[in-house]
Amino acid sequence: MGQTYFPVDRFRNASTPLYYYDLHLLEATLDEVKACSSFPGYHVHYAVKANANQEILRHIAAAGLGADTVSLGEIKAALGAGFPAPKIVFAGVGKTDEEISMALELGIGCFNVESEAELRAIVAIAEKMGKKAPVALRVNPEIDAHTHHYITTGLAENKFGIALTMLDILLDDCFKSEWIDFRGLHFHIGSQITDLEPYRILCERINGLQAKYPDIVIPSINVGGGLGVDYDDPEGNPIPDFKGYFKVFKENLQLRPGQELHFELGRAIVAQCGSLICKVVYVKEGVGKKFVILDGGMTALIRPALYQAHHKIENITSKSEEMEKYDVVGPICESSDVFGIEEVLPETKRGDLIALRSAGAYGEAMASCYNCRALPEALFSR
Ligand SMILES: *Cc1c(COP(=O)(O)O)cnc(C)c1O
């Protein structure tokens, strides 16, 4: 499959490691997102942190999605790619004064506020600028999304969000200040969530919360992102189950009349369209083991080293029928720079090209220059 899917000749003429993006798959994914979320009041924002490549952003903006950002840099990247300012929301626990005032100046759609201290800073800056700030409060719904502990965000002991016990006070602050335009409540329970049950529980939490505040006008509910993808079988499941995902909210969340429902999907939109392409530098015979040493490692794709994640590994140039077991590793001077242990691959030689699949999310965006390595370039399907 990989051998016909990838434009190997183009890779040979480029320098590796590189990110290859299948724009046809991205378009098909965006079509599916739009088809499955076409209910009145539903708005999907793309979480820019998953992949901020300008070409990718341009496609997503052109599809009409909004943008969910976590820094001034991401706001600028989103604006540059064509997302209109009112469709940009700004989240994150550490917004600086400069970021807040620039975001206000640029006219972004909403600040997703994560603490009392941040709300006070926004009020002070909005007052000084004489400009009302649109604000949603990010509430910590205390749901265990059964995901890796590094990417769980909805539990009580977590730097993200406002504790349910603090919500009364902050709502009060919002309505007391003439500089706050209260836009709604925001939730985000984690990432790479493949079991939809935590989302159903989230709906119940939100229903309970809305019932508790019958007299407060809540223009929008934002349920965050986190929908997972199939890393084991990117060919079998190139497009995540958006139908099932949106259906959970349609069937379980009781929206008030005219209330908007916002989503912030990152990984589910971009993961499957991207692959990291590396060249085999050496095949090393170890003691009872063979290593495939690639020219790209954790500086190009850090997810395996950071979250013990696994990307499907394919040799996209070997013509051999013989299968062998290899440990597939990067060239970086860290023991965690490993992509796979005992991977079964066709006989692999120096110079072969290897694809690490499902690398479109949190891949290129997280790349670093550690060991003075160059950032990987991007190549797009035609
Ligand atoms: C990271 C993040 C998202 C996107 O998460 P995915 O798992 O990529 O869908 C959405 N909302 C918030 C607040 C986030 O921090």
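This is a predicted model: local features need pLDDT of at least 70, side-chain atom pairs count only at pLDDT 80 or more; totals for chains, interfaces and linings use all residues.

Biologist: Understood. What is the make-up by class of the lining of the second largest pocket?

Modeller: The lining of the second largest pocket has ten nonpolar, ten polar and four charged residues.

Biologist: And what volume does the second largest pocket have?

Modeller: The volume of the second largest pocket is about 430 Å³. The pocket is lined by 24 residues, and those closest to its centre are His 43, His 45, Lys 87, Glu 260 and His 262.

Biologist: Which element gives the most to the lining of the second largest pocket?

Modeller: Strand E2 does, with four residues. At least two lining residues come from each of helix H3 (23-36), strand E2 (42-47), strand E5 (110-113), strand E8 (180-186), strand E9 (220-222) and strand E10 (260-265).

Biologist: Let us stay with E5. Which way do its residues point?

Modeller: Cys 110 and Asn 112 point one way from E5, while Phe 111 and Val 113 point the other way. All of them are buried.

Biologist: How many bridges join E5 to strand E4, and how many join E5 to E6?

Modeller: Strand E4 (residues 88-90) and E5 run parallel and are joined by two bridges. In that pairing, Val 89 stands opposite Cys 110. E5 and E6 are also parallel, with three bridges between them. There, Asn 112 has Ala 136 of E6 as its bridge partner.

Biologist: How many residues of E6 are buried?

Modeller: Eight of its eight residues are buried. Ala 133, Val 135, Leu 137 and Val 139 point one way from E6, and Pro 134, Ala 136, Arg 138 and Asn 140 point the other way.

Biologist: What packs against the buried residues of H9?

Modeller: Their packing partners are strand E6 (133-140), helix H8 (167-176), E8, E9 and helix H10 (242-252). The buried residues of H9 include Tyr 199, Leu 202, Ile 206 and Leu 209. H9 itself (residues 197-212) has 16 residues and reaches 23 Å from its first C-alpha to its last, close to the 22 Å expected at 1.5 Å a residue.

Biologist: Changing topic: where is the cis peptide bond?

Modeller: The cis peptide bond joins Thr 16 and Pro 17, with omega of about 0°. Pro 17 is found in the loop between helix H2 (8-12) and strand E1 (18-21). Most peptide bonds are trans, and most residues other than glycine have a negative phi.

Biologist: What is phi for Tyr 362, and what is phi for Cys 372?

Modeller: Phi of Tyr 362 is near 55°, a positive value in a residue other than glycine. Cys 372 likewise is not a glycine and has a positive phi of about 55°. Tyr 362 sits in the loop between strand E16 (353-356) and strand E17 (377-380), and Cys 372 lies in the loop between E16 and E17.

Biologist: Is Tyr 362 buried or exposed, and is Cys 372 buried or exposed?

Modeller: Tyr 362 has a relative accessible area of 10%, so it is buried. Cys 372 counts as exposed because its relative accessibility is 78%. The cut-offs are under 20% for buried and over 50% for exposed.

Technical notes: Residues are numbered from 1 along each chain as its sequence is written. Side-chain values use heavy atoms; hydrogens and water are left out. On a 1 Å grid over the protein atoms alone, a cavity is a set of points where a 1.4 Å probe fits but cannot get out, and a pocket is an open set with protein on both sides within 12 Å along at least five of seven lines; lining residues have an atom within 4 Å of a point. Grid points are joined across faces, edges and corners, and a volume is the space filled by probe spheres set on the points. Ala, Val, Leu, Ile, Met, Phe, Trp, Tyr, Cys and Pro count as nonpolar, Asp, Glu, Lys and Arg as charged, and the others, Gly among them, as polar. The expected span of a helix is 1.5 Å times one less than its number of residues. Buried means under 20% relative accessible area, exposed over 50%, partly exposed in between (1.4 Å probe, protein chains only). Contact means heavy atoms within 4.5 Å. Two strands pair if DSSP finds at least two bridges between them.
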